[in-house]
Amino acid sequence: MIYFDKVTKCYENGDKVIDDVCFTIEPREFVSIVGHSGAGKTTLLKMLLAEEKPTEGSIYFGSSNVSELSKGKKNVFRRKIGTIFQDFRLLPHKTAYENVSFAMEAAGRSDEEIASDVPHVLELVDLGEKIWHFPHQLSGGEQQRLAIARAIVNQPDLIIADEPTGNLDPINTYEIVQILKKINELGTTVILTTHNKGVIDSIGKRVITMDKGKIVRDDKRGKFSL
Amino acid sequence: MFVTNTKRITKSAIINLWRSRIVSMSSILVMSITLFVFGTLIFSNAALDSALTQIQEKVDINVYFTVSAPEEEILSLKKSLESLPEVGTVEYVSREESLEKFRERHGDDQLTLQALDELEDNPLGAVLNIQAKETSQYETIASFLNSESVLSSEGTNLIDKVNYYQNKIVIDKLSKIISSSQKIGFIATLILVIMSIIITFNTIRLTIYIAREEISIMRLVGASNEYVRGPFVVAGVVYGLISAGFTLLVFLPLTYYIGSFTQRLFGLNMFEHYLSNFWNISIIIIFSGVTLGIISSYLAVRKYLKV
């Protein structure tokens, strides 16, 4: 379970980007967060990943208080979360295979596990033929599928997808959303932020709407409304 | 786990080095220049040392004894001089040898030789040539002789003259030049070393700056600080090793080329000096390169590990 407890985030110049936000996400839920640019969606996710610290309030993930993790424990904590970004954030000098195996190496998995899981997970996202390609040799949709492969290879409890379809055409967008739905059906919690009305409407699950750092709507079976 | 991680880090470092070989090569080039400066300093120090010893060997104090000074007294003075800690060597030139040398020097000068032959007795006294260990110590030796010169067997003075006071100005000047050239050399060394370290450090920092995105991605994927830093530090070690090897290799033809020139100028053949001190110089250069690589990489990555 993820719990945001009265979280406020101010930047050094005094701008309040998150204003007293409270909500809970249950395990196996699929939650979409929508809102204009600057509404605070990305900041919310950064705090959940312990990239940023809340100015006030706390964030709980299972039994751990995310905002109080020490530097050494952050990386162990992050292995429970798979992340997918709009700009893919792949390692440019590593092949598709190495990008995925790096996440497993970082989590301390054995060579045997890596050798058996990496081709398998790349097969799952339909990159089985391109495992030795570098990111710049892949299309946008393929890069994002590679990022998903990397995110799911350690079987995380949670997938965070920050505008994963922002750079993709409608067909690739549809594919990515189908993969995320599949991951959710297999039992992983998914948090997705997006601008795309079509994406929200096709998922038909919980939607949290944000505006100027506050939650303005929280619908169990939401539609895109801004 | 430690073994597996070390293996993975080393493998990843070497693959990275190869894949971004242009960047690696520029780092290696800059580091080689730094190590070349280190090496040049080692060599020029050796040259300076050799030149200074040569000059110092030419400085001495000559004690001229009176004609009547008995040999055993001179020899006992020689012994007590040799027991002084400041004194390097003492050479005894007897009266006969003095005459011989005089004749040799004036071989072309018939007039002087004729005049010498007119004399019944050898007009030259014995001489002690004293060399100090350091030029600054001649003063002490001269004052010792001064106090000692009063001593004589039957109240007559043994010593005719000590040429230190005539040479004092020259010797003083030389001492000053030697000590200040050593000081200047040391300061110049220090400045050059600091400059080249800063340049290398910044070059390595730039190569890591290029990889800053990657570092933050690695952190977000859940890699520990050590695991992210490892390949960069190993790359630093490899830069150091390759640069050191390259520098040591470049010095071989270079010192060979300037060998005879330095022999004439400083009395030291650089090539022979390099070969006979090869292991010492290698260890200094390799150690400097590797240390520089490790420290630069370690500090540069630290900046981007805060995510």
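In this predicted model, the axes of helix H3 (residues 96–106) of chain A and helix H5 (residues 140–152) of chain A come within 8 Å and cross at roughly 25 degrees. Axes here are lines fitted to C-alpha atoms, for helices over the stretch in contact, with angles from 0 to 180 degrees between N-to-C directions. H3(A) is therefore roughly parallel to H5(A), a term for angles under 35 degrees. The crossing of the two helices is right-handed, the near helix being turned clockwise from the far one by less than a right angle.

At this crossing, A:Ala96, A:Asn99, A:Val100 and A:Ala103 of H3(A) meet A:Leu146, A:Ala149 and A:Arg150 of H5(A); residues are in contact if their C-beta atoms, placed from the backbone, lie within 7 Å. Five of the residues in this contact are nonpolar, one is polar and one is charged.

Helices (H or I, at least four residues) and strands (E, at least two) are DSSP runs numbered from the N terminus. The radius of gyration of chain A is 17 Å, close to the 17 Å of the globule rule for 226 residues, so the chain is as compact as a globular protein of that length. The radius is taken over C-alpha atoms, and the rule is 2.2 Å times the number of residues to the power 0.38.

Residues are numbered from 1 along each chain as its sequence is written, and chains are lettered from A and ligands numbered from 1 in the order written. Local features need pLDDT of at least 70, side-chain atom pairs count only at pLDDT 80 or more, and totals for chains, interfaces and linings use all residues.

Technical notes
Angles under 35 degrees count as roughly parallel, over 145 as roughly antiparallel, 65 to 115 as roughly perpendicular and the rest as oblique. Two residues are in contact if their C-beta atoms, placed from the backbone, lie within 7 Å. Ala, Val, Leu, Ile, Met, Phe, Trp, Tyr, Cys and Pro count as nonpolar, Asp, Glu, Lys and Arg as charged, and the others, Gly among them, as polar.
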